[in-house]
Amino acid sequence: MKILIIEDEKRMAGILKKGLEEQTFIVDVAHDGEEGLYMAENYPYDAILLDIMLPIMDGLTILNELRSKGRDVPVLLITARGEIESRIKGLNFGADDYIVKPFDFSELLARLRSVIRRSKGKTSPVIAIHNLTIDTNSHNVRRAEKEITLSATEYNLLEYLALNSGRVISRSELTEHMYDTDIDRDSNVIDVYVNYLRNKLDKGFDRQLIHTVRGAGYLLKGEE
Ligand code: CA
C-alpha cells in the first residue's frame with residue numbers, strides 16, 4: 001500500500017515515514033500544501049495522512065480540492081488538540097477519519113489500515129480467498145492452515161491483489177502501488193515477484209489462486 005504524508009514538521013514526517021516503512025508501507029512525503037496537493041493529484045495513493053496547518057495551502061483546502069474533483073482516496077486528518085472546528089469541517093469536507101496529536105503510532109496505524117480496508121470494500125482485517133487467509137494487521141499468511149513466509153515485497157504484492165480480489169490488476173498499477181515515486185520503475189519486475197508468490201502460494205495445490213490475464217495483468221480469485 002502506498003501512502004502520502006503531507007506534514008510540514010519534518011521530524012514528525014520522518015518518524016511517521018520510518019514507522020510506516022517498517023510495516024512495509026511505501027511512503028512519499030510532502031512538506032507543504034502545494035507540493036502535497038500536486039502529489040495527491042498526480043500519483044496513485046492508497047491513503048493520505050493530511051496535516052491541517054501547512055505552509056502555502058492548508059490541509060482543509062487540499063481536501064476540498066481533492067473531493068471537489070471527485071478523488072476518493074482515503075484521507076486521515078492529523079489534527080491538534082484544539083482544532084475541533086477544523087476536525088468537524090474536515091469530516092464534512094469528506095475526510096475518512098482523523099487523529100489528534102499527540103497520538104500513539106499504533107493508533108495511527110490502526111486507523112490508517114481501517115480507512116484503507118473500508119475504501120476497498122472490506123470490513124474484516126483478515127482477507128479470505130478460498131483456503132488462503134491474509135491477516136493485514138499481523139501480515140500472517142496461511143494457505144490451508146500452512147503458514148507461508150513472504151518477503152516484504154511479496155507481501156505487498158499479495159496484499160494489493162487481495163484487497164482488490166476479483167479485479168484484474170495491470171502490471172503498471174501494481175508497480176505504482178509497490179514502489180515510491182522516486183524509484184525508476186520497470187513493470188517487468190512484477191512478473192518476477194508474481195512467480196515467487198506462485199511458488200509459495202499455489203505450488204502443490206489443485207486450485208490456482210493467482211491468475212494471469214493475457215495482455216491485462218494479474219487476478220487473485222478463489223472461484224474456478
Ligand atoms: Ca503543521
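How much area is buried between domain 1 and domain 2, and what share of it do carbon and sulfur atoms give? About 1200 Å² is buried, and carbon and sulfur atoms give 48% of that area; buried area is the accessible area (1.4 Å probe) that two parts lose on being put together, summed over both.

This is a predicted model, in which local features need pLDDT of at least 70 and side-chain atom pairs count only at pLDDT 80 or more, while totals for chains, interfaces and linings use all residues. Residues are numbered from 1 along each chain as its sequence is written, and side-chain values use heavy atoms, with hydrogens and water left out.

Domain 1 spans 2-119 and domain 2 spans 126-220, with bounds from an automatic or database domain assignment. Their centres, taken over C-alpha atoms, are 26 Å apart. In contact (heavy atoms within 4.5 Å) are 13 residues of domain 1 and 14 residues of domain 2. Between the domains there are 0 salt bridges, a salt bridge being a side-chain nitrogen of Lys or Arg within 4 Å of a carboxyl oxygen of Asp or Glu.

Grid points are joined across faces, edges and corners, and a volume is the space filled by probe spheres set on the points.

| Space | Volume |
|---|---|
| Largest pocket | about 280 Å³ |
| Largest cavity | about 120 Å³ |

Residues lining the largest cavity include Met-1, Phe-25, Arg-113 and His-139, where lining means an atom within 4 Å of a point.

Technical notes
1 Å grid on protein atoms, 1.4 Å probe; cavity = no way out; pocket = protein on both sides within 12 Å on 5 of 7 lines; lining within 4 Å.
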